[in-house]
Amino acid sequence: MLAQNLTAAGPDPLAWLDAEAADRRSAGLHRELSPRAADAPRGARGPIDLASNDYLGLSGHPEVIAGAVDAARRWGTGSTGSRLVTGSTEEHDALERELADFAGAGSGLIFSSGYTANLGAVTALAGRGSLIVSDAGSHASLVDACRLSRARVVVTPHADVDAVERALATRDESRALVITDSVFSADGDLAPLRALHAACRRRGAVLLVDEAHALGVRGDGGRGLVHELGLAGAPDVVVTATLSKSLGGQGGVVLADPRVREHLIDAARSFIFDTGLAPASVGAARAALTVLGREPARAVAVLDRARELAAICGGARPESAVVSLVLGDPQRAVDAARWCAGRGLRVGCFRPPSVPAGTSRLRLTARADLNAGDMAVAADVLGAVADGSWIAGTRTAGAAS
């Protein structure tokens, strides 16, 4: 085998990549990028999007685009540096205050993405000599944050509050952080936040909640599940969120007690050493927040569309914008996604490691701006997938992740 890998310069140090790629292909887990075309002009028929996280349909909203353009013209195309050097503008400061006011938090701190917000918050609030208790279904960004934190990490079964309380009660560490998504990204189910917060209160721990899939969807006017459950503004609750889903832009934010904000500015490495969020993204997020404040019905509409999609698929009533149509085998899920794409329906395709083995699926995301015609197409196409009649159809190119 070694002889086969020899080149004129010696053994190929990347030969192992070929073997791993072959293994993934044979298991139906190979992934490809599928660059999409620009959206069709208004009034024209393009693919119906049930794959993105643009829950409120704001990424192409004229006011949001204008907000991005205006910010770019005033501040330039980049933030020019890290937030602690030249990367903070008056626009960043205004967005942080507006996001905190909207979600009922004491303060806000913007990061370049939701991923870096989670890395920064978890690693700065935990660290060596502390305990992190993480739900088994936590997003990959929280999992990676645990790995970087140097804290002792206990992973508890999904939504198991008793297991969380046991881990907190038996700890030796003085500091503890409990982390969870509020809406889990693959199944769209909700975390038992009130019970988790009560356990944290009893055991002197901080609760960190990732609201990436809840902001704009759950709560009064889309203020999130933490706000809906009356936990917003609690000093022992830290919220992280993204600006790239319901707000249709880019970036992340930590919403928390002002003492947490001050600490993150001093200690969160993904804040200190990262370039500040581009002004255009900040301007877009401010405009999107203005639209959402003026049109709170968008948060109601997205849940209504999700319930219609679930009914088409024969699923249970969803609690978020995420609806899963589980098909089991990864290649079957890929083929079904391609079949849907060929009929004008863009759907997500989730396979391991994004979901557990045996649960590969079409992941559907509802949007507030889906109209009756869109839903009629969805009913025809997804209905065929759900009842299995699609298998006899023609398969064409589509997207998978």
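How are H4 and H12 oriented to each other, roughly parallel or roughly perpendicular? Hold that for a moment.

Some ground rules. This is a predicted model, where local features need pLDDT of at least 70, side-chain atom pairs count only at pLDDT 80 or more, and totals for chains, interfaces and linings use all residues. Residues are numbered from 1 along each chain as its sequence is written, and side-chain values use heavy atoms, leaving out hydrogens and water.

Confidence next. pLDDT is the predictor's confidence in each residue, from 0 to 100. The protein chain has a mean of 93, and 94% of its residues reach 70 or more. Watch residues 394-401, where pLDDT stays under 50. The model has 28 contacts (heavy atoms within 4.5 Å) for that stretch, beyond four places in sequence.

Now the helix pair. Helices (H or I, at least four residues) and strands (E, at least two) are DSSP runs, numbered from the N terminus. The axes of H4 (residues 90-103) and H12 (residues 279-294) come within 9 Å and cross at roughly 30°. Axes are lines fitted to C-alpha atoms, for helices over the stretch in contact; angles run from 0 to 180 degrees between N-to-C directions. Under 35 degrees counts as roughly parallel, over 145 as roughly antiparallel, 65 to 115 as roughly perpendicular, the rest as oblique. H4 and H12 are therefore roughly parallel to each other.

Who touches whom? From H4, the residues include Leu95, Leu99 and Phe102. From H12, they include Val282, Leu289 and Leu292.

On to the sheets. Two strands pair if DSSP finds at least two bridges between them. Leu131 has Ala176 in S7 as its bridge partner.

The other open sheet has four strands, ordered S3-S12-S13-S11, again with mixed pairing. S3 (48-50) and S11 (322-328) are the edges. Three bridges join S3 to S12 (residues 345-350), and those two run parallel. Ile48 stands opposite Leu345 in S12. H13 (residues 297-313) packs on this sheet, touching S3, S11 and S13 (360-365), with its direction about 20° from that of S11.
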